[in-house]
Amino acid sequence: MRLSRYFLPVLKETPSEAQIVSHRLMLRAGMIRQAAAGIYSWLPLGYRVLRNIERIVHEEQQRAGHIPMLMPTLQPAELWQESGRYDDYGKEMLRISDRHGRDMLYGPTNEEMITDIFRSGVSSYRELPLTLYHIQWKFRDEVRPRFGVMRGREFLMKDGYTFDTTKEGALHAYNRHLVSYLRTYERLGLKAIPMRADGGPIGGDYTHEFLVLAETGESEVFYDSEVTDLTFGDRVIDYDDVDQCAAVLEEFTTRYARTDETHDEAIFAEVPEDRRRSARGIEVGQIFYFGTKYSDAMGATVTNADGQAVPVHMGSHGIGVSRLVGAIIEASHDDKGIVWPEGVTPFHVGIVNLRQGDAACDTACEGIEAALEAHGLDPLYDDREERAGAKFATMDLIGLPWRLTVGPRGIANGLVELTNRRTGESEEMSVEDAVARVA
Ligand code: ATP
Ligand code: MG
Ligand code: MG
Ligand code: MG
């Protein structure tokens, strides 16, 4: 991509309305633009990151055997009247009526709709287990939308729903989600810690939130510092292996890690004092087994092996896809701007031409661009007539992992400069070596 032909409305000034660094950087880097409180347009650079996160979420969900689909954003009120949540949900639900005066709503979540789809399509235990998911925009009329995409009103969520005949089956689905989420967050370059959360009015022990530690997080958390040493890494998982998934859950959830809603001082006191931590965190996902709450209310049953109709056991599992963009920036930035992890970066390499219009420099940059593209990489070539300082500042702000700088003196000797955004280290090398290094 040539920057001269792209749309990257970078801001020079620090926007005063943004209270936290990720919001400031997303505005400054031209990633988003507010349309109304808590509602954002995703400008080209932000959209690339959002799509990358979506892609990783899809890949990891499907690796775990979960089936993608797409439900609409608008839902009829009747489904929510059936479950009883139409009244319970309160003002967070955006209610709309159509031209015929029918009550509709912009979905804040999809338990009711998926349960309706399930009951019309599945009747026997033989068709289970089943996990369906989608990535779709949600609307919650938050009292205090803030921090940019972190607490939006319209936001993108992956929500998956599991259906099993027995509680044991549903708990395996729960464990499988925990494992797939660990993999997903690591691929996004994040450390997200599963923490015991509050089951709300339904209760139960089977819910964990995934938290990214950050001072600007809205949740208060308490944990044993040992949990921050755990990594999933590249271990191979058989998602159908009940014991293997259970062992991962055990490994990642036995040490103390709780949100303030479930925090228990007495149990926390058993953690050695030098390992006790309290901090703040960003909730980037939640897994939840809730039994037969919706299947009872909405009559979602299957016949079991004895021919009896039994309510199906369900769970719902969410990832905050758009919130993740902010969370990743909170976790990975410096005073010059964003530092994208490789997995989600909007472009892999920035090419900076120090002397635009100089035949040797232009030819070299075009050659590098083509060579990188041939390796399947997406370079962003700054081909504008701008000062070097301005080009460097833009590249630092938008945080691409690598910068390749091409200038007349170096290129006369066949050399370019390769700079690592994270370490700041620069090295002169041949064009071929530079391309090989980043590819
Ligand atoms: P929160 O406690 O932050 O309000 P939640 O517990 O209400 O979130 P869930 O119903 O668990 O949210 O939704 C799944 C995920 O969707 C959350 O873990 C979070 O990452 C994301 N999410 C929820 N609300 C918002 C929002 N207003 N803006 C952006 N992402 C959100
Ligand atoms: Mg909420
Ligand atoms: Mg929450
Ligand atoms: Mg939650």
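**View 1. Helix α2 (residues 44-63) meets helix α10 (residues 321-331), with axes that come within 9 Å and cross at roughly 115°.** That makes α2 roughly perpendicular to α10 (the term covers angles of 65 to 115 degrees). Axes here are lines fitted to C-alpha atoms over the stretch in contact, and angles run from 0 to 180 degrees between N-to-C directions. As for handedness, α2 and α10 cross in the right-handed sense (the near helix is turned clockwise from the far one by less than a right angle). On the α2 side, the contact uses Gly46, Val49, Leu50, Ile53, Glu54 and Val57, while α10 brings Val321, Ser322, Leu324 and Val325 (contact: C-beta atoms, placed from the backbone, within 7 Å). Sorted by type, the residues of this contact are 7 nonpolar, 2 polar and 1 charged; Ala, Val, Leu, Ile, Met, Phe, Trp, Tyr, Cys and Pro count as nonpolar, Asp, Glu, Lys and Arg as charged, and the others, Gly among them, as polar.

A quick note on the model and labels: this is a predicted model, where local features need pLDDT of at least 70, side-chain atom pairs count only at pLDDT 80 or more, and totals for chains, interfaces and linings use all residues. Residues are numbered from 1 along each chain as its sequence is written, with chains lettered from A and ligands numbered from 1 in the order in which they are written. Helices (H or I, at least four residues) and strands (E, at least two) are DSSP runs, numbered from the N terminus.

**View 2. Strand β13 (residues 276-291) pairs antiparallel with β10 (residues 207-213) through 7 bridges.** Pairing takes at least two DSSP bridges between two strands. Val212 sits opposite Ile282 of β13. Strand β11 (residues 219-224) is also antiparallel to β13, with 6 bridges, and Phe222 has Ser278 in β13 as its bridge partner. Another 6 bridges tie β13 to antiparallel β16 (residues 313-320); there, Ile287 faces His317 of β16.

**View 3. Ile39 belongs to strand β2 (residues 39-42).** Ile39 counts as partly exposed because it has 13 C-beta neighbours inside 10 Å (20 or more would be buried, 12 or fewer exposed). Leaving out residues up to four places away in sequence, Ile39 touches Gly152, Arg153 and Glu154. Ile39 and Phe139, 100 residues apart in sequence, have C-alpha atoms 9.3 Å apart.

**View 4. Helix α12 (residues 388-398) has Lys391, Thr394, Met395, Asp396 and Ile398 as its buried residues.** Their cover includes α2, β18 (337-338), β19 (349-353), β20 (379-382) and β21 (402-406). After α12 comes Gly399, with a positive phi near 70°.

Conventions: Angles under 35 degrees count as roughly parallel, over 145 as roughly antiparallel, 65 to 115 as roughly perpendicular and the rest as oblique. Two residues are in contact if their C-beta atoms, placed from the backbone, lie within 7 Å.
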